[in-house]
Amino acid sequence: MWTTACEMIDRAERLHRQFFQPIAAPMPELSWEPPIDIIETDSEILITVALPGVDPDAMKVSVDADGISVVGFRRPSAIPRGSRVHRLEIPYGKFERRIRVQAARLPLDRSELANGCLTLKFSK
């Protein structure tokens with residue numbers, strides 16, 4: 001029984017070395033995509049981007065011929081020393097969302113960050 005257990009441990013270590021080797025190539029910068037809503041009326045297109053806890057100075061909106069880009073950074077929440085983390089589901093770090101819509105050909109009338117959401121209003 002002891003021999004079988006040692007063989008299983010040896011096999012597990014070989015598999016671990018086989019599948020978990022360090023990567024020599026640089027990893028691309030990780031980012032997350034915030035969810036969006038797109039609503040169109042007869043006179044406007046409204047795009048809402050969910051960005052809870054994002055500082056307005058920590059993001060950039062750009063409009064070009066291909067669409068709209070929202071890029072920025074969300075700082076992680078402070079975790080009190082000595083506390084236990086049960087779950088972390090709200091993403092933090094670099095975010096980027098590329099929105100391909102015809103709104104890019106329309107003028108951006110208003111951009112507002114309120115209640116954790118960025119609202120972009122394009123007039124038709």
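Are Trp32 and Phe95 buried or exposed? Both are buried (under 20% relative accessible area; exposed is over 50%, partly exposed lies in between, with a 1.4 Å probe and protein chains only). The model is predicted, with local features needing pLDDT of at least 70, side-chain atom pairs counting only at pLDDT 80 or more, and totals for chains, interfaces and linings using all residues. Residues are numbered from 1 along each chain as its sequence is written, and side-chain values use heavy atoms, leaving out hydrogens and water.

**View 1. Strand β4 spans residues 67-74.** Helices (H or I, at least four residues) and strands (E, at least two) are DSSP runs, numbered from the N terminus. Strand β4 is mostly covered. Six of its eight residues are buried.

**View 2. Strands β3 and β4 form a hairpin.** Two residues lie between them. Strand β3 covers residues 59-64. Six bridges join β3 to β4, and the two run antiparallel. Strands pair if DSSP finds at least two bridges between them. Ser62 has Ser69 in β4 as its bridge partner.

**View 3. Strand β4 also pairs with β5 (residues 93-99).** Seven bridges connect them in the antiparallel sense. Here Gly72 stands opposite Phe95 of β5.

**View 4. Trp32 and Phe95 form a tilted aromatic pair.** Rings of Phe, Tyr and Trp (its six-membered ring) pair if their centres lie within 6.5 Å; planes under 30 degrees apart are stacked, over 60 edge-to-face, and the rest tilted. The count by this rule is one aromatic pair. The ring centres of Trp32 and Phe95 are 5.3 Å apart and the planes are at 50°, so the pair is tilted. The pair links distant parts of the chain, 63 residues apart. Trp32 sits in the loop between α1 (2-19) and β1 (36-40), and Phe95 in strand β5.
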